[in-house]
Amino acid sequence: MEKTQNLLASRRFLPIFLTQFFGALNDNVYKQALLLVITYGLIQHGSGNVSTLNNLAALLFIAPYFVFSATAGQIADRFERSQLVRGIKILEIIIMSIGSAGFLLGQIWLLLVALFLMGVHSTFFGPIKYAILPEILHSNELMSGNALFQTGTSLAILFGMILGGAIISISHETMIWICLTILIIAFSGYLSSRFILKQRISAPDLKIDWNFFRTSWQTIQYAKDNSIIFLILMGNSWYWFYGASYLTQIPELTHKYLYASENVASLLLTFFSVGIGVGSLLCRKIGGTEVNIKMVPVGAIGLTVFAFYLVWAMYQLPTHNTLLSVSNMFTDGAVYYHVMLAIILLGISGGFYIVPLYAMMQAYSPASHRARVVAANNIFNAIFMVASAIFSILVLSVLQLDMQILFCITAVFSAIFCIGLLLKLKPLLDRTHNALED
């Protein structure tokens, strides 16, 4: 058996890891580039409001998760997965060709169509990639594999945002460079997928139901009927609610509370992404190689404690008349170090919290329904992210409360939610382990 620390050099793991990495990288390069060309008017969008277009873009990307996740899960269980991945990666090349046409022709509608199709692409790829991991990894490698997956995804998101922004800023409105970039990344993802090992078909007799709404309901119902799986999915989805509640506010936190430039917002997002990566790797190191729940309470405590630490740091921030730069963050007082440290610690806590839950989702899902369980997870994640947006609007816009209040309320809710989750989940896990030992 290969050592878990050699997974990145493994023929079993490396191809799916790179395929996932390039997919997440392309998502974020494209989304960041689209956001910037809309915001700075590099492509004419008629009388469309910038904020409306940006929110529409976010909605178009997440909408496919509601509609197609259940069908994607069925397809991933019914057909051979390595072949499916290669087909999806060919689709990504076609989608990026449509996006490139949108950039070159200056057509916003083409760019938005490509964004929606990228959401469809991600929806169909999600159940496959997480269903493949338990097939290609040994049981004592699942924690390591998920830790590497989370780390790679966090870095891909970070690099994608930086790369997309950098190309748009230095290309002087010449869209050919962003087009070449997204196409090269798409081709790289396809080449990686060529090396994914052939997989066994989990449910060869499954009949695909193409009624999206019925299959979505059936997929959710299946997850609800399995107590352990349902609680794990709820834990996963809470992480997306929590993360969206904080990360969405970072631009305004930077502008309104730090009185800092856009580069500082990118710096804070970088710290958060790096924190998730560090937390994911430490989770496997501290929690061990076997799938277990030990690090979830540690992460849950951190998500509450360090949220209050961030709020405390925000109350210490001074007011000033000029925008702070990145260098000012490191030279103008210890309070800025507190803000940066709080963001990093929140990221690390998130890594501690989410990695074991993803590993448990894969380990406890029946092989014949594993992709459909991942599909249910994607549906719940999308619901929780939309709920997060509505909750933030309610607190900040309707009730007109401060951002610190939003963070405090979310931290308290997180503590209550996680305590309830762990009190219900741990006895079920213990009974399952005892039954397996008997």
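## Close-up views of a predicted model

**View 1. Glutamate 135 has two salt-bridge partners, arginine 200 and arginine 370.** Arginine 200 and glutamate 135 meet through their side chains in a salt bridge, at 3.2 Å from N to O. This pair links distant parts of the chain, 65 residues apart: arginine 200 is in the loop between helix H6 (176-193) and helix H7 (212-225), while glutamate 135 is in helix H4 (residues 108-136). A salt bridge here is a side-chain nitrogen of Lys or Arg within 4 Å of a carboxyl oxygen of Asp or Glu, and helices are DSSP runs (H or I, at least four residues), numbered from the N terminus. Glutamate 135 also meets arginine 370 in a salt bridge, at 3.1 Å from N to O. Arginine 370 lies in helix H14, so this pair ties together parts 235 residues apart in sequence.

How open are these side chains? Buried means under 20% relative accessible area, exposed means over 50%, and partly exposed is in between (1.4 Å probe, protein chains only). Arginine 200 is partly exposed because its relative accessible area is 44%, and glutamate 135 is partly exposed at 26%. Arginine 370 counts as buried, at 9%.

A quick note on the model: it is predicted, so local features need pLDDT of at least 70 and side-chain atom pairs count only at pLDDT 80 or more, while totals for chains, interfaces and linings use all residues. Residues are numbered from 1 along each chain as its sequence is written, and side-chain values use heavy atoms, leaving out hydrogens and water.

**View 2. Asp77, Arg81 and Arg372 are linked in a salt-bridge network.** Zoom in on arginine 81 and aspartate 77: their closest N and O atoms are 3.0 Å apart. Both arginine 81 and aspartate 77 are buried. The count for the model comes to seven salt bridges.

**View 3. The largest cavity has a volume of about 60 Å³.** A search of the whole structure turns up one cavity of 30 Å³ or more. A cavity is a set of points on a 1 Å grid over the protein atoms alone where a 1.4 Å probe fits but cannot get out, and lining residues have an atom within 4 Å of a point. Its volume is the space filled by probe spheres set on the points, which are joined across faces, edges and corners. Among the residues lining the largest cavity are Tyr246, Leu253, Phe272 and Phe407. Helix H8 (227-247), H9 and helix H13 (334-364) each supply at least two lining residues.

**View 4. Tyrosine 259 and glutamine 400 each have a positive phi of about 55 degrees, although neither is a glycine.** Look for tyrosine 259 in the loop between helix H9 (250-257) and helix H10 (262-287). Glutamine 400 sits in the loop between H14 and helix H15 (403-437). Tyrosine 259 counts as partly exposed, at 27% relative accessibility, whereas glutamine 400 counts as exposed, at 64%.

**View 5. Cysteine 283 is buried, with a relative accessible area of 0%.** Which cysteine sulfur is closest to the sulfur of cysteine 283? That sulfur belongs to cysteine 418, 14 Å away and too far for a bond. The structure holds zero disulfides, a disulfide being a pair of cysteine sulfur atoms within 2.5 Å. Cysteine 179 counts as buried too, at 3% relative accessibility.

Conventions:
1 Å grid on protein atoms, 1.4 Å probe; cavity = no way out; pocket = protein on both sides within 12 Å on 5 of 7 lines; lining within 4 Å.
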